[in-house]
Structures are given as structure tokens and as C-alpha cells.
Amino acid sequence: MVVKAGATADAPRSVTILGSTGSVGTQTVDLVSRNPERFPVEALTANRNVSLLARQARQLKARMAVVADPCAYAELKELLSGTGIEVAAGSDAVAAAAERPADWVMAAIVGAAGLEPTLAAIRRGAIVAFANKEVLVCAGALMMEEVKAHGATLLPVDSEHSAIYQVFDFERTDSVARLILTASGGPFRTRDRAFMATATREQAVAHPTWDMGAKISVDSATMMNKGLELIEAHFLFGIPEERIDVLVHPQSVIHSLVEYVDGSVLAQLGTPDMRTPIAYALGWPARIATPAERLDLVKAATLTFEAPDPVRFPALRLARAALQSGGGAPTILSAANEVAVQAFLDRRIGFLDIERIVEETLTALPHRPLRDLAAVREADADARRDAAGRVAAIGAMAVGSR
């Protein structure tokens, strides 16, 4: 269950953005820059995009800027020389940035790398806007225990989970019959397996409705994104897997739905712009203005829906199987997928090899209970090694066949 904490609607709220140079991070920066008096910036972090990080830090007058890559420290320090902005580098420094006294933290670091800094923010009881689904997938139960123990507030930023959050009855959860996650279907919604077997990086990242980063765009193309969201929804809202459905909705106008036991179905609608769910989390419990295009239902005209195809897109089946298995299975699923997607983006494997590597890794490794974070890290590392070995084997076969 999501833990809600008290907040003052109109008071200034200090902000830290973890992953400020990524897709979600830059859109958060856009919103914060439109109201700098209300949202003073404590810290910004990036992986290695030093030039953009420095520009953002200057623009928002951040107190601190951190780059995860230690090799980029000197460049960042030079770019921010004379500004008075504190500079640091390395993964420990990113976690330390999350520990600084910001009221609100955007957790937008992609993948398992976001685990430590997100936990650091949770453990000091901050309001954490959560855009990193992999962290909750790989350590869901432990993360929610930490949220409860430290009185933090976890606000989902994924458009689907934000939609559910806005129409979910937290006071009467027993009245919720099921959650319905909507999916655009991605760039290959109408394509067959033969086409996907030869799909390129450029085709896979060309999302038809959303502007997202490369990793998330590939996950949308495989529909693993929806599988990860299903697992995330289970942990966030405490709803069992069998009561969470997925519905393909190509127009991306209805962002998700909650069905109640009386037959009522509540939905949140809007144009496909990530600044809307980011703004909801940034202003919560109030709402703030955004430059997002307003929804015109007359212009939208027709909204269509279809069931996901389990044959062409087996990722949903794999995600459900991982959640049903429990223990470290979701951790293995997420880690193997990260490795496989990166290998595809690096053009080392084919598009359909992604699902194959994930399934084989999920089958090969034991699904041990995750009693602590050390167990999470071990399961994650084991899965990455196994998946990397499978990537290498595919590469060797490709070379041998030439």
C-alpha cells in the first residue's frame, strides 16, 4: 500500500532530482523552472551528461550537482567554477545527494542503479516521486517496508500508476475489484514475429505516442514495460496479480482504470505528456499548472481497445510468472531484461533475443527469498552475469555463422 504523509499544499517545497538529465528528469526540470520560488532546488544528479547537468544546475541555482561517473568530476567542477554550487562525483555521492534535506525527491535514475539513492531518500521520510519501476520490481516488498517504517510518501510517476493513484480508494481498499493498466502497444503493436526478428534499434525506440528514453521505449516495444508495471502495481497498491489486467489502448488517452466491486470503473484521462503525472507528484496534494496540451475528446474522436497478444508479446507472461514465483524472481526478470535491452541497443543481439535471454535466465536461476538488500543485490548480480553470458553466446554464434 502507498503510505501518505501530511503536506502543506501551497508552501515552498525544496526539490532534489535524481537523474535530472534523463527523459523524466528533464521534464521535471522544465516544470520546476517555471516556478523556481515555490520549488528551490537542493541537488541534481546525472550519470555522465556533464554539460547538461551543469546547465541545469546554473539555471535552477541548485545547491549541489553530482555526476555518477567519477571520471567526469573535473569537467563538472570546471563548468560550475565560480557559481558556489557544490560538486561531487561517484555512486556514493549520488546516494548522499538523496540524503540532503530536500522535501521532495524525484527518483528518475533508470534501472537497479537507482536502488540505493531512492532508499536513502525514503529512509529520511521524504516525499519520493517514483519514476524508476525497476527498483520496486527488484525489491518491492523491502521497499514498501522501508516506506512504512520511515513515514515516507511514495508518489508514482509512471502515467499508469499515477492514474490509478488518483482514482484509488485508499480508505476502502476492499472495495477495489481490479486494476486495469493501459498500454499503447508500442511501435510493433500490429507487426508479426517475422518483422520483429529483424527489427532495428531505431524502429524499436520510435514510440508512437510517448516521448521516452531508449531503455523504456524498447521495453514498450517488447511490452516488458507493462510486465514491470504489473509487478510495480502489485507492490504499490497491494492488489494480487490475478486482479491486475492489461488493456491495449493505442491512443494513450486513458492512462489506467480502477474497477470497484459495484461495477463502477474510474479512469484518469489526459494527453500523453509525462509532465502531467510529474506535476501531480510535484504539487501533491495540490495541483499545479502545466504546459501540457489539453485533452480534446471531440478531436480524439475514437478510443479503441484490444487484448494484448501473448504469442507475439510473451513478456507479460514472463512478468506474471515471476510475480507468482515470488522471492528473487522479479529481481532476476528485471536485471536480465536490463542486460538484454542494453545489448540490443548496442546492436549485439536481435530484438527477439531480449525475451529469450530473460526467459532462459529466469528459468536457470533459483528464486530464493529476499530477506534483505544484500540478497537483492546478490540476485541482481547473478542474473546480470547469467544474462551477459547468454548475450556473449549469441554474439559468438553470430560470428561463427559468418
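This is a predicted model: local features need pLDDT of at least 70, side-chain atom pairs count only at pLDDT 80 or more; totals for chains, interfaces and linings use all residues.

Biologist: Fine. Where is Ser252 placed?

Modeller: Ser252 sits in the loop between β9 (244-248) and β10 (254-260). Its phi is near 55°, a positive value in a residue other than glycine.

Biologist: Is Ser252 buried or exposed?

Modeller: Ser252 is buried, with a relative accessible area of 4%. Ala301 also has a positive phi, near 65°, but Ala301 is exposed, at 62%. Ala301 belongs to the loop between α13 and α14 (315-325).

Biologist: Which residues does the cis peptide bond join?

Modeller: Trp284 and Pro285, with omega about 10°. Pro285 is in the loop between α12 (275-283) and α13 (297-300).

Biologist: Switching to charges: how many salt bridges does the structure hold?

Modeller: There are 31. One of them pairs Arg275 with Asp30, at 3.2 Å from N to O. Arg275 is in helix α12 and Asp30 in helix α1 (residues 23-33), so the pair ties together parts 245 residues apart in sequence.

Biologist: And what does Lys133 form a salt bridge with?

Modeller: Asp158, with the closest N and O atoms 3.2 Å apart. Lys133 lies in helix α6 (residues 133-150) and Asp158 in the loop between β7 (153-156) and α7 (159-167), so that pair ties together parts 25 residues apart in sequence. Both Lys133 and Asp158 are buried.

Biologist: Which residues are linked in a network of salt bridges?

Modeller: Asp353, Arg356, Glu360, Asp386 and Arg390.

Notes:
Residues are numbered from 1 along each chain as its sequence is written. Side-chain values use heavy atoms; hydrogens and water are left out. Helices (H or I, at least four residues) and strands (E, at least two) are DSSP runs, numbered from the N terminus. Buried means under 20% relative accessible area, exposed over 50%, partly exposed in between (1.4 Å probe, protein chains only). A salt bridge is a side-chain nitrogen of Lys or Arg within 4 Å of a carboxyl oxygen of Asp or Glu.
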